Amino acid sequence: TDRNAAVTRSGLTGSIVPLLVVGPGAVLSGGSVWAESTYAADFSPSAQILADTVTLGAGQISIILSPEPRPLAGALITPHLELEGLLLDRALASRRLRLFSSTAIDFYGSGSLGSARLEELAFLASGIRGYSSGGGGPVITAGQVRFANPRGVAFPAGPPAGAGMFDVQAHRVVLGAGDFRIQGYSNVRLAGAGGVLMEADGSLQVPGPLTLQGPLIAGGERV
């Protein structure tokens with residue numbers, strides 16, 4: 001199989017009916033696993049995901065790094081894909097993790113996400129919204145970290161510019177196709193030991209200072 005093979009979805013109607021349920025004790029396994037809803041999603045915390053390449057998608061995704069009261073401050077869809085605790089750890093145990101959201105991907109709290117073992121971590125959405133960072137924020141580690149909005153979805157209203165840093169420490173950082181936005185942090189740092197690459201038809205908007213670090217920083221036409 002081709003681990004870089006792409007899947008194209010067309011004819012999406014914006015319906016609020018779709019609901020993907022992965023219940024308690026469910027096991028999703030294979031060389032590659034793709035589980036996506038275009039709207040609501042309900043994954044049990046006890047669900048297992050066993051694959052080298054994992055793609056998860058929903059109308060909204062929240063990554064919860066520290067305990068957070070419910071309902072979540074940024075919730076737009078109920079239920080939506082909430083990755084925390086064991087479910088998040090199991091997703092990150094893959095070699096390649098790709099997250100698709102039809103709106104945004106929200107981060108709650110502060111902490112580490114990923115590891116040097118993780119070859120690829122992709123955030124495929126309109127952008128990142130940060131909540132409850134408390135002056136900290138996520139520290140994201142992977143071989144390659146990609147930010148892109150390949151489906152051209154709109155960025156929803158989010159938190160005002162907050163404190164803390166959105167920090168990426170990777171071998172390579174890629175800013176891909178589409179307009180991508182990061183909101184809810186006072187600083188954004190994208191560090192790629194092998195470079196920071198910006199593709200020609202992509203753009204990145206941040207609320208404050210942006211630091212790009214790497215031996216090679218290559219930009220496209222719309223950076």
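Colleague: Let's start with Ser 37. What is Ser 37 in contact with, leaving aside its neighbours within four places in sequence?
Modeller: Pro 18, Leu 19, Leu 20, Gly 57, Ala 58 and Gly 59. Contact means heavy atoms within 4.5 Å.

Colleague: Before we go on, what kind of model is this?
Modeller: This is a predicted model, where local features need pLDDT of at least 70, side-chain atom pairs count only at pLDDT 80 or more, and totals for chains, interfaces and linings use all residues. Residues are numbered from 1 along each chain as its sequence is written, and side-chain values use heavy atoms, with hydrogens and water left out.

Colleague: Back to Ser 37. Where does Ser 37 lie?
Modeller: In the loop between β3 (32–36) and β4 (40–43). Strands here are DSSP runs (E, at least two residues), numbered from the N terminus.

Colleague: Is Ser 37 buried or exposed?
Modeller: Ser 37 counts as buried, because its relative accessibility is 5%. The cut-offs are under 20% relative accessible area for buried, over 50% for exposed, and partly exposed in between (1.4 Å probe, protein chains only).

Colleague: And what does the side chain of Ser 37 reach?
Modeller: The backbone nitrogen of Tyr 39, at 3.0 Å.

Colleague: New topic, aromatics. How many aromatic pairs does a search of the whole structure find?
Modeller: Eight. Rings of Phe, Tyr and Trp (its six-membered ring) pair if their centres lie within 6.5 Å; planes under 30 degrees apart are stacked, over 60 edge-to-face, and the rest tilted.
Modeller: One of them is Phe 107 with Phe 166, an edge-to-face pair at 5.7 Å centre to centre and 80° between the planes.

Colleague: Which parts does that pair tie together?
Modeller: Phe 107 is in strand β10 (residues 105–108) and Phe 166 is in strand β15 (residues 165–175), so the pair ties together parts 59 residues apart in sequence. Phe 107 counts as buried, at 0% relative accessibility. Phe 166 is buried too, at 0%.

Colleague: Which residues do ring pairs link into a cluster?
Modeller: Phe 107, Phe 123, Phe 147, Phe 166, Phe 180 and Tyr 185.

Colleague: On to sheets. What is the strand order in the open sheet of six strands?
Modeller: β8-β7-β10-β13-β16-β18, with parallel pairing. Two strands pair if DSSP finds at least two bridges between them.
Modeller: The edges are β8 (81–83) and β18 (202–205); each has a single partner strand, so one side of each is left without a neighbour in the sheet.

Colleague: How many bridges join β13 to β16?
Modeller: Three, between β13 (residues 127–131) and β16 (residues 178–183). Arg 129 has Gln 183 in β16 as its bridge partner.

Colleague: And what does β17 pair with?
Modeller: β15 pairs with β17 (residues 187–198) in the parallel sense over 10 bridges. Four bridges pair β17 with β19 (residues 210–213), also in the parallel sense. In β19, Leu 212 is the bridge partner of Leu 190. Two parallel bridges pair β17 with β20 (residues 217–218).

Colleague: What is phi of Ser 132 near?
Modeller: Near 55°, a positive value in a residue other than glycine. Ser 132 sits in the loop between β13 and β14 (138–148). Ser 132 counts as partly exposed, at 46% relative accessibility.

Technical notes. A polar contact is a pair of N or O atoms within 3.5 Å; within protein, one must be able to donate a hydrogen and the other to accept it, and residues adjacent in sequence count only if both atoms are side-chain atoms.
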